[in-house]
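Colleague: I would like to learn how to read a few features of a model. Please take them one at a time.

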Amino acid sequence: MTTTSRTRSASASRSQSSAATAIANHPEPERDCPLCPRLVEFRETIRAREPGWHNAPVQSFGDRNAALLIVGLAPGLQGANRTGRPFTGDYAGDLLYATLIAFGFAKGVYQARPDDGLTLIDCRISNAVRCVPPQNKPLPIEIRTCRQFLNATLADMPRVRAIVALGRVAHDSTVKALDLRAAAAPFAHGAVHDAGAVKLYDSYHCSRYNTNTGVLTPAMFESVFAKVRADLD
Ligand code: SF4
């Protein structure tokens, strides 16, 4: 991302409502972030039903000095929303973390728990939307509202050179965060888009639905990370 695009992203955040402005430019939302009423209501419902779960915005996982940022869609209800760590506790994490370990972006043994000791190597994982949405489907306004945290996350990563967007929603939000022209950077599995010092790599989301239906095979997923690994090396 160029200095100009970061400046523009910060400016866009500043122009939002006063409540949003008060917390903009922080890479992580507060636990009771109030900005998306529908998601707040859903969060409160699940908190009452499952008091032992995380049930809050899920913070990014990994070092802010990493060269690679992975952007997912949003926490899964029984995955990151339950455990509090991105992609931890549901099927998407099985494929993601196995792939990251295979390509040297993580080490340890993934056991679907935030205390499994797994660590990321030069890699950080975040989501386009930090709160769990009903049916895994955030509304456009929720994606737009939460982008201030994606903007701030990017601005907070001085060494980032590669971003892997998992799925179209993550791609579209990242394209906006990078200040790219949407028409010049269409989503396609395996596509790579130049954004100055950063490259954006597209992949279908590693959800159980996509792998069960054959939209995404482990080999297709691995080919994206092989490309990232080769470019970063
Ligand atoms: S999705 Fe993002 S902006 Fe909306 S309430 Fe959650 S943390 Fe706040």
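Colleague: Which residues in α6 meet which residues in α7?

Modeller: First, the ground rules. This is a predicted model, where local features need pLDDT of at least 70 and side-chain atom pairs count only at pLDDT 80 or more, while totals for chains, interfaces and linings use all residues. Residues are numbered from 1 along each chain as its sequence is written. Helices (H or I, at least four residues) and strands (E, at least two) are DSSP runs, numbered from the N terminus. Two residues are in contact if their C-beta atoms, placed from the backbone, lie within 7 Å. Here Ile143, Arg147, Leu150, Asn151 and Leu154 of α6 meet Val169, Ser173, Thr174, Lys176 and Ala177 of α7. By class, that contact has five nonpolar, three polar and two charged residues. Ala, Val, Leu, Ile, Met, Phe, Trp, Tyr, Cys and Pro count as nonpolar, Asp, Glu, Lys and Arg as charged, and the others, Gly among them, as polar.

Colleague: At what angle do α6 and α7 pack?

Modeller: Axes are lines fitted to C-alpha atoms, for helices over the stretch in contact, and angles run from 0 to 180 degrees between N-to-C directions. For α6 (residues 140-155) and α7 (residues 168-177) the angle is about 60°, with the axes 10 Å apart. The two helices are therefore oblique to each other. Angles under 35 degrees count as roughly parallel, over 145 as roughly antiparallel, 65 to 115 as roughly perpendicular and the rest as oblique.

Colleague: Which residues are closest to the ligand?

Modeller: A residue is near a molecule if its C-beta atom, placed from the backbone, lies within 6 Å of it. The ligand is surrounded by 14 residues, the closest being Pro29, Cys33, Cys36, Cys131 and Cys146. Two or more residues of the shell come from each of α3 (37-49) and α6. The most come from α6, with four residues. By class, the shell has eleven nonpolar, one polar and two charged residues.

Colleague: Why does alanine 80 count as buried?

Modeller: A residue is buried if 20 or more other C-beta atoms lie within 10 Å of its own, exposed if 12 or fewer, and partly exposed in between. Alanine 80 counts as buried because it has 29 C-beta neighbours inside 10 Å. Alanine 80 lies in helix α4 (residues 80-83).

Colleague: Where is proline 75 found?

Modeller: Proline 75 is in the loop between β2 (68-72) and α4. Proline 75 is buried too, with 30 other C-beta atoms within 10 Å.
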